[in-house]
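Subject: Structure handover

Hi,

Here is the structure I promised to pass on. Have a look at it first, and then read my notes below.

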Amino acid sequence: MRMAQSSNASNTVVAVLTADPAFEQAVSATFGASGAIELRVVSGTVTSVDSFATDGVTVAVVDLDATRPEEMTALEQMMLRIGVSPPVVVVTQSFDAEVARRLLQMRVADFLVKPVQPIELVRTCARVSRSSVAETKEAQIYTFIPAVGGAGVTTLAIQTALLLLNSSQRARPAVCLVDLDFQHGACADYLDLEPRLDLKEIEPRPERLDRQLLEIMLSHHASGLEVIAAPNSPAEMRSFDPDMVTRLLDLVSSHFDYVVIDMPRTWFSWTDSVMLGSNRPFIVSEMTVPSIRQAKALVSAIRERLGDGPQPRVIVNRFEQRLFDSGLKRADVEQALGTNFAGTIPNNYRLVREAIDRGVPLDEVKAGNNISTQLKKLILPQIARSAGAVPRLVGKLGFVSAKSA
């Protein structure tokens, strides 16, 4: 066994275990040229090296032959020894569903298949190192579900995601908007984006969905917001495999600071899992008696199904209160919903219509508009409280599977 180590004293340390001279040479050329990275290369295999030292390491890269059971077993033992810190990137010559499943069970941060482009290895190491730092703080999941059709859930979900994106005066948080209305979803249309989530690609083999495939299926908005949305299937009314949905959300929640979910009105087999994984579930209602009744009934149904899980609160959208108006008043709503009432969002149809037609956020149409202002009061105060909240998410990375819920 031979160890090569660079001489700089950087705090960023990449340790590589490999028995492939060509890969070792490529790694040395890639990382060794950077004065900001300390490279440690251990020549050998995961079975031949007694102890792959990871103390003080930022990212560990393990090159192995996944077709050899003894190497997979040795990697599993190593992961049990070091846990998830530092994050481990596995590089292998072969790849299939069984390998992916075992690597995920070991809580490997990411995996690449040879031949590996140097820039891809650098990006992967940078990404998992950031994710490792972020793992000390659970991703916060905001979920919006409609009480009735046309309640304006998509507008509120998009605006919430943009508020969270700009909520920090320091480093901008990573925010992902997920449209789970596979039949009539409109998030991509509202933001003038191409929906890139290919359900036909991942549904037969959900285990194939990894960080690399997720990157391909993300739609990138000019604001910096990442969006996951599938092309609409208005004539196809069916449920998708719960494992696919939970795998998708599990992966997203492990790579973003905030996740905002736009839910369909229909309750599918995977809805329980999504609601259980949410930190801030909101039911969106209109300012009508039937809608308020539906919202109240939905709160009761969710509590009955989820028990002590996250407690949903009701946002009344398109709220209008005129002097001497004999219709439904805010006091009536507060009385009907009680502690489940979160607040109201004012009606500004002209603003919303223009934003949708132009495919831009509300603030781009009119900065400081009344919808954004009121939503900020409802959403942003939650951030400070959520920092000290006990994480509700369970499972390997976040979401519990529907089978165990």
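**The second largest cavity**

The second largest cavity holds about 80 Å³ of space. By cavity I mean a set of points, on a 1 Å grid over the protein atoms alone, where a 1.4 Å probe fits but cannot get out. Grid points are joined across faces, edges and corners, and the volume is the space filled by probe spheres set on the points. Searching the whole structure turns up two cavities of 30 Å³ or more.

Before going further, the ground rules: this is a predicted model, where local features need pLDDT of at least 70 and side-chain atom pairs count only at pLDDT 80 or more, while totals for chains, interfaces and linings use all residues. Residues are numbered from 1 along each chain as its sequence is written, and side-chain values use heavy atoms, with hydrogens and water left out.

Which residues line the second largest cavity? They are Thr155, Ile158, Gln159, Tyr190, Leu191, Val352, Ala355, Ile356, Val360, Pro361 and Leu362; a lining residue has an atom within 4 Å of a point. At least two of the lining residues come from each of α5 (153-165) and α13 (349-358). Helices (H or I, at least four residues) and strands (E, at least two) are DSSP runs, numbered from the N terminus. By type, the lining has nine nonpolar residues, two polar and no charged. In that scheme Ala, Val, Leu, Ile, Met, Phe, Trp, Tyr, Cys and Pro are nonpolar, Asp, Glu, Lys and Arg are charged, and the others, Gly among them, are polar.

**The chain overall**

The protein chain has 16 helices and 14 strands. Of its 405 residues, 51% count as buried, where buried means under 20% relative accessible area, exposed over 50%, and partly exposed in between (1.4 Å probe, protein chains only). Among contacts (heavy atoms within 4.5 Å) with a separation of 6 or more, 76% link residues 24 or more positions apart. The chain exposes about 19000 Å², and carbon and sulfur atoms supply 50% of that; the areas come from the Shrake-Rupley method with a 1.4 Å probe, and for residues only the protein chains shown count as cover.

Val91 sits in strand β5 (residues 88-92) and is buried at 0% relative accessibility. Leaving aside residues up to four places away in sequence, Val91 touches Phe23, Val61, Val62, Asp63, Leu64, Leu112, Lys114 and Val116.

**Side chains with polar contacts**

A polar contact here is a pair of N or O atoms within 3.5 Å; within protein, one must be able to donate a hydrogen and the other to accept it, and residues adjacent in sequence count only if both atoms are side-chain atoms.

- Glu38, in strand β3 (residues 37-43), is buried at 7% relative accessible area. Its side chain makes a polar contact of 3.2 Å with that of Arg40.
- Asn279 is in the loop between α10 (271-276) and β12 (280-286) and is buried at 8%. A polar atom of the Asn279 side chain lies 2.9 Å from the backbone nitrogen of Ile141.
- Asp257, in the loop between α9 (242-253) and β11 (258-262), is partly exposed at 31%. The Asp257 side chain reaches the backbone nitrogen of Ala174 at 2.7 Å, and the C-alpha atoms of Asp257 and Ile141, 116 residues apart along the chain, are separated by 8.8 Å.

**Backbone points to check**

Most residues other than glycine have a negative phi, and most peptide bonds are trans. Here are the spots to look at.

- The Lys114 to Pro115 peptide bond is cis, with omega near 0°. Pro115 is in the loop between β6 (110-113) and α4 (118-134).
- Asp192 has a positive phi of about 55°. It lies in the loop between α6 (187-190) and α7 (199-202) and is exposed at 61% relative accessibility.
- Arg318, in strand β13 (residues 313-319), also has a positive phi, near 55°. Arg318 is partly exposed at 31%.

Cheers

Definitions and conventions: On a 1 Å grid over the protein atoms alone, a cavity is a set of points where a 1.4 Å probe fits but cannot get out, and a pocket is an open set with protein on both sides within 12 Å along at least five of seven lines; lining residues have an atom within 4 Å of a point.
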